[in-house]
Amino acid sequence: MATIKLSANKLDELKAVCKSFNNEKGELINVLHKAQGIFGYLPAEVQEVIAKELNISVAHVYGVVTFYSFFTMLPKGEFPISICLGTACYVRGAEKVIDEFKRLLHVNVGETTPDGKFSVACLRCVGACGLAPVVLVGDKVYGRVSPEGVKDIVAEYAK
Amino acid sequence: MSKYKMHVLVCGGTGCHASESDQLLEDLKTIVTEKGLDSEVQVIATGCFGFCEKGPIVKIMPDNTFYTQVTPADAREIVDEHLIKGRKINRLLYVDPENQEHIADSKHMGFYKKQLRIALRNCGFIDPENIDEYISRDGYEALAKCLTEMTPQQVIDEMKKSGLRGRGGGGFSTGLKWEITSKSVSDVKYVVCNADEGDPGAFMDRSILEGDPHSVIEAMAICGYCIGSSIGLVYIRAEYPLAIDRLKTAIAQAREYGLLGNNVLDTGFSFDLELRYGAGAFVCGEETALIHSMEGLRGEPTVKPPFPSVSGYYGKPTNVNNVETFANVPVIINKGADWFASIGSENSKGTKVFALAGKINNVGLIEVPMGTTLREVIYEIGGGIKDGKKFKAVQTGGPSGGCLTEKHLDSPIDYDNLIAAGSMMGSGGMIVMDEDDCMVSIAKFYLDFTVEESCGKCAPCRIGNKRLYEILDKLTQGKGTREDIDSLRNLSYVIKDTALCGLGQTSPNPVLSTIENFWDEYLEHVDEKKCRSGQCKALLQYIIEPENCVGCTACARNCPVNAISGERKGVHIIDQATCIKCGACLEKCKFNAVFIK
């Protein structure tokens, strides 16, 4: 992975976060939540800083980051698209919706378009099963999405 | 509350929120103020009403009018017609699908008639961000009663007598769990609320936290009093931002009222709450894994015993209960164990909340007495199968449960019956499937989930489930054999017997129950290479009916892999070896000449 230069500002912010949790190793998950809030993702460089601040091994941090699906080591697109793959959405055709997003944006699940605009991911149940199948773009929820409706969603953000 | 003549309750649950109920709420408030009604009419956001299919829901009190699928554009009409002129708006009322009658009062709707709401008692009635509304519905009375009139052992005895069992899936007696933790000797003990709802298709815990957070806070304090703990921790999914916000607000209000913190209600009892965030791992619903996650580690389970009641969070005795379990506690104390034990079936007392979803008319959150039959739930409450299709199966218990069929429809739902039928209660997901669903694919879907969510610590779960998935995939590709089905079965039993935690031990349930109940479908996939519901793409064949084909060439021109050949004005043929089954030909043919076999 190419070395990413972390801006001094954000680095200080990260260190302040660690400090606000008393550099306690048991607070690792809380620190990671905040760190992902600052950087948008958790590249190796961020993990190294956290490991040093909390006085634990980088392997420990990496182990936790990769264990939980909420944490990501890859930057997301400007408009992150998440398709719900909970059971209710699955039986109401979520897979066909995913296929359509993949086809339209030419990316696979977990990838970002080359222009950095869209990333496509799956998630498990947002609890809006009445609206299945559900798609999220950022925080906005789209309900009862059909494969035909996918192009309209993309068009809304492609401008 | 009493100074208002009318109350407009707008559902602020996640489902309705996603359909612009927040905008609707703002618009209603603005218009009410604009008309100078704000001293008489109160507009508030409540928790989930449960009838998510017809959301956003607006309820008007005191006349109990229930409006469905309300949009921000309807706000003005509601104010002008209903609030000012007192005329109900017919087009927004629920229409009974049976006789097309408009029903104004939710009590007369099929969806609500059979329900009994205990855990959800306040969802959709109160403003979850206002502690006074909770208190006005007997809130914190149970805590006061416990602290001032009962000893911890008396409370535990009451809980045991009520017969309440863990609603998170395990079904262990709540009173007994409290008793074991109370008897563990330690300077520090913890009360933990498991709000890491990871079961795809289940959203009851989230709805309780969003709609009635104080009931969980009150119950945790009662539990703290019983086991001798002064610290409660709520382990909640970071993916539930609305629930987190409401819980934070509620905790702050409870502290302000002296219901949390030092010297609660001047009784000398101290108890406070903290939040811990999950980060998306299904296995963290298992209590030992959850505890490790709270300690900042990977959420891997450990062998029990020792149970958390003896050695849990940082090695201290820890009592872990699920959100819905806690929500039942204050009512049991207020109304008594005998009242609670009079509801339900012999060994499963009280009610259970189910998230009813899938191919069903009335998707939503329901609460029914234990012992209600699946038929009542699916047909009377759920309003039957969508689009008049045929019922095929209902899946309960999420990735740990199984698929039940027609023959189980009349058996009463409780912990023991579901296990006897090869499924389990789980946290209460209930997904209905119709004739268009392929049961082999459904089993594969759940295994895909388990493989992804397996923590990888023990080999049976890490490797075994992956192999199960691969065999199921082979079946859906039309490459399976009868031996494969035998392997599926054998491997499933081995995983059940040898996996470390509950996730692994139950992960083969979807496979075993579909083999048991849909044996024919498995055989068709293997022997005839056929998928009756048309879900397994590899087993489909697109064929051109020569009699209907006019040779317009539309299909050939649109085929992405040039699998279709034929002369202009002549009959076309699809080369099955090249066909990728994309369906473009079927879509383009105007003469109904392409069909699927």
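Let's start with His525(B), which is buried because its relative accessibility is 1%; buried means under 20% relative accessible area, exposed means over 50%, and partly exposed is in between, with a 1.4 Å probe and protein chains only. Please keep in mind that this is a predicted model, where local features need pLDDT of at least 70, side-chain atom pairs count only at pLDDT 80 or more, and totals for chains, interfaces and linings use all residues. As for bookkeeping, residues are numbered from 1 along each chain as its sequence is written, chains are lettered from A and ligands numbered from 1 in the order in which they are written, and side-chain values use heavy atoms, with hydrogens and water left out.

Where does His525(B) sit? You'll find His525(B) in helix α22 of chain B, residues 519-528. Helices here are DSSP runs of H or I with at least four residues, strands are runs of E with at least two, and both are numbered from the N terminus. The His525(B) side chain reaches the backbone oxygen of Glu521(B) at 2.8 Å. Setting aside neighbours within four places in sequence, His525(B) is in contact (heavy atoms within 4.5 Å) with a list of residues including Cys438(B), Cys531(B) and Cys536(B). Val440(B), Leu475(B) and Leu539(B) are also among the contacts of His525(B).

Now to the salt bridges. The rule is a side-chain nitrogen of Lys or Arg within 4 Å of a carboxyl oxygen of Asp or Glu. By that rule, there are 40 salt bridges over all chains.

The one I'd like to show you joins Arg144(A) and Glu53(B), at 3.7 Å from N to O. This pair crosses between chains: Arg144(A) is in the loop between β4 (140-142) and α7 (150-158) of chain A, and Glu53(B) is in the loop between β2 (41-46) and β3 (58-61) of chain B.

Lys386(B) counts as partly exposed because its relative accessible area is 21%.

Most residues other than glycine have a negative phi, and most peptide bonds are trans. In the loop between β2 and β3 of chain B we find Pro56(B), and a cis peptide bond joins Gly55(B) to Pro56(B), with omega about -10°. In the loop between α15 and β14 of chain B sits Asp387(B), a residue other than glycine with a positive phi, near 55°. Asp387(B) is exposed, because its relative accessible area is 68%.

The peptide bond from Pro305(B) to Pro306(B) is cis, with omega near 5°, and Pro306(B) is in the loop between α12 (287-294) and β11 (318-322) of chain B. Glu20(B) has a positive phi of about 65°, and is found in the loop between α1 (14-17) and α2 (21-34) of chain B. Glu20(B) is partly exposed, because its relative accessible area is 48%.

How values were computed: A polar contact is a pair of N or O atoms within 3.5 Å; within protein, one must be able to donate a hydrogen and the other to accept it, and residues adjacent in sequence count only if both atoms are side-chain atoms.
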